[in-house]
Amino acid sequence: MSVLAVGLSHRTAPVGLLERVSVSGDALVKLLHDVQHDPCVAEAMVVSTCNRVEVYVTVDRFHAAVTSISELLGVHSGVPVDELIPHLYVHYEERAVEHLFSVVCGLDSMVVGEQQILGQVRQALKLAQRQGTVGATLNDLVQQALRVGKRAHHDTGIDKHGASLVTAGLALAGELPGRRALVIGAGSMSSLAAATLSRAGVTDIVVANRTYERGARLAATVGGRAVAFAAVPEEVAAADIVITCTGAGRHIVTPDMLGKPVFLLDLALPHDIDPAVRGVPGVTLVDLETIQESGIGSREGDAVPTVRRLVAEELRAYLDAERAARVTPTVVALRSKAAGVVESELGRLLMRVPDLDERARDEVAMTVQRVVDKLLHEPTVRVKQLATCPGGDHYAEALRELFNLDPKMPEAVREVEL
């Protein structure tokens, strides 16, 4: 099975298209299962954020899998596949691993170096684990990718300035201290928004969330206050800054709620704020498309080249380990066959020389085993080493042919005449 990634992001598609393709909640679970149930697919995980939708799978047929996943993305989004395909990217095997490592490090984000993607990929893996759509291959790969991402953020300082979609959006808001802010939602992005506002000197922070208790917990962390979700219209009318990222799938803030100058930051896909608010005098609306066009988040810091080298280093290490692991069943099968030969020959010897005492039998058995172990040591070590080189699979294949091995069932190796 090989790893395949199919997706689209802010780099390949306009925000409007991303809005139509993005999935969450039950729709995300349905897409996940539909992908995993495809005959070409063994394992599946879907990463869906405000600036990317990516499907990671293990497959045994490349072209059929790409076609199937593309069609499923079209079906679930309602976007005709012919319209979708020009914006899709496809990464396979080594390139798929490299892409995932780059994503979790923040190199592929709308705001370069942002940390939120780490949590988003972690949540995507947890969902796939709960739904039973990932196995050993994807689980191990994503766990390693998360370790690479944490190392990049910890060791390189790529996020030392706290870059995020929130900070990029608020950079367009002007002076923040002394202004009244409303945060709609209490998820991870809303929590980041509240914390960012607090650090910037905003002391009057209101949090509105469908679950009041969750909103109250977030408000308490920044010395703010919580309100019921039904109070959103009146709080919007009183706010100087409104930040929203609920993913509700409908417009929460509409033009009729606005009657004075206000800065609106919409980080949701689909949008939480009706784009028509731009027609209201004194209203400034910043959304993902605005951030992308501003270029604020795409500015690469000094740490980016270091992170790219780290990704290349971790990619080589992962591929070497993965190639070495591929030959393990062959090595196990070889040693299993050798053990069977030793057992068979010792049994034959004891039948021919039944009068051997126990001590002599043990000495003979240990001697034969040592001979076999010494003969197998060099080839098994070398085949693991050679497996990390280009074409390394051929060495394991040669062992299987020479010794007539079945690596899928090492405990039941094919019998041969001895």
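Here, buried means under 20% relative accessible area, exposed means over 50%, and partly exposed lies in between, with a 1.4 Å probe and protein chains only. This is a predicted model, in which local features need pLDDT of at least 70, side-chain atom pairs count only at pLDDT 80 or more, and totals for chains, interfaces and linings use all residues. Residues are numbered from 1 along each chain as its sequence is written, and side-chain values use heavy atoms, with hydrogens and water left out.

View 1. Let's start with Phe 101 and Tyr 318, both of which are buried. The structure holds two aromatic pairs. In the one shown here, the ring centres of Phe 101 and Tyr 318 are 6.1 Å apart and the planes meet at 80°, so the pair is edge-to-face. Phe 101 belongs to helix α5 and Tyr 318 to helix α13, so the contact ties together parts that are 217 residues apart in sequence. Rings of Phe, Tyr and Trp (its six-membered ring) pair if their centres lie within 6.5 Å; planes under 30 degrees apart count as stacked, over 60 as edge-to-face and the rest as tilted. Helices (H or I, at least four residues) and strands (E, at least two) are DSSP runs, numbered from the N terminus.

View 2. Follow α13 from residue 303 to residue 352: the helix has 50 residues. From first C-alpha to last, α13 reaches 73 Å, close to the 74 Å expected at 1.5 Å a residue. That expected span is 1.5 Å times one less than the number of residues. At Val 327, α13 bends by about 30°, and Pro 329 follows within four residues. The bend is the angle between axes fitted to the seven residues ending at a position and the seven starting there.

**View 3. The six-stranded parallel sheet.** What is the order of the strands in this open sheet of six? The order is β7-β6-β5-β8-β9-β10, and the pairing is parallel. At the edges are β7 (225-228) and β10, each pairing on one side only. On average, neighbouring strands are turned by 20° against each other, direction ignored; axes are lines fitted to C-alpha atoms, for helices over the stretch in contact, and angles run from 0 to 180 degrees between N-to-C directions. Two strands pair if DSSP finds at least two bridges between them. Strand β6 (residues 204-209) joins β7 through four bridges, and Val 206 has Arg 225 of β7 as its bridge partner.

**View 4. Strand β8, covered on both faces.** In a regular strand the side chains alternate between the two faces of the sheet. Along β8 (residues 241-244), Ile 241 and Ile 243 are on one side, Val 242 and Thr 244 are on the other, and all of these residues are buried. Four bridges link β8 to β5 (residues 180-184), which runs parallel to it, and Leu 182 stands opposite Val 242. β8 also pairs with β9 in the parallel sense over four bridges, with Ile 243 opposite Leu 265 of β9.

**View 5. The four-stranded antiparallel sheet.** A second open sheet has the strand order β2-β3-β1-β4 with antiparallel pairing. Its edge strands are β2 (41-49) and β4, each pairing on one side only. Neighbouring strands here are turned by 15° against each other on average, direction ignored. β1 (residues 2-9) and β4 pair over four bridges in the antiparallel sense, and Val 6 stands opposite Val 90 of β4.

**View 6. Backbone spots worth a look.** Most residues other than glycine have a negative phi, and most peptide bonds are trans. Glu 93 has a positive phi of about 50° and lies in the loop between β4 (89-92) and α5 (94-104). Glu 93 is partly exposed, at 37% relative accessibility. Asn 404 also has a positive phi, near 55°, and sits in the segment after α15 (393-403). Its relative accessible area is 30%, so Asn 404 counts as partly exposed. The peptide bond from Leu 269 to Pro 270 is cis, with omega near -5°. Pro 270 is in the loop between β9 (262-266) and β10 (283-287).
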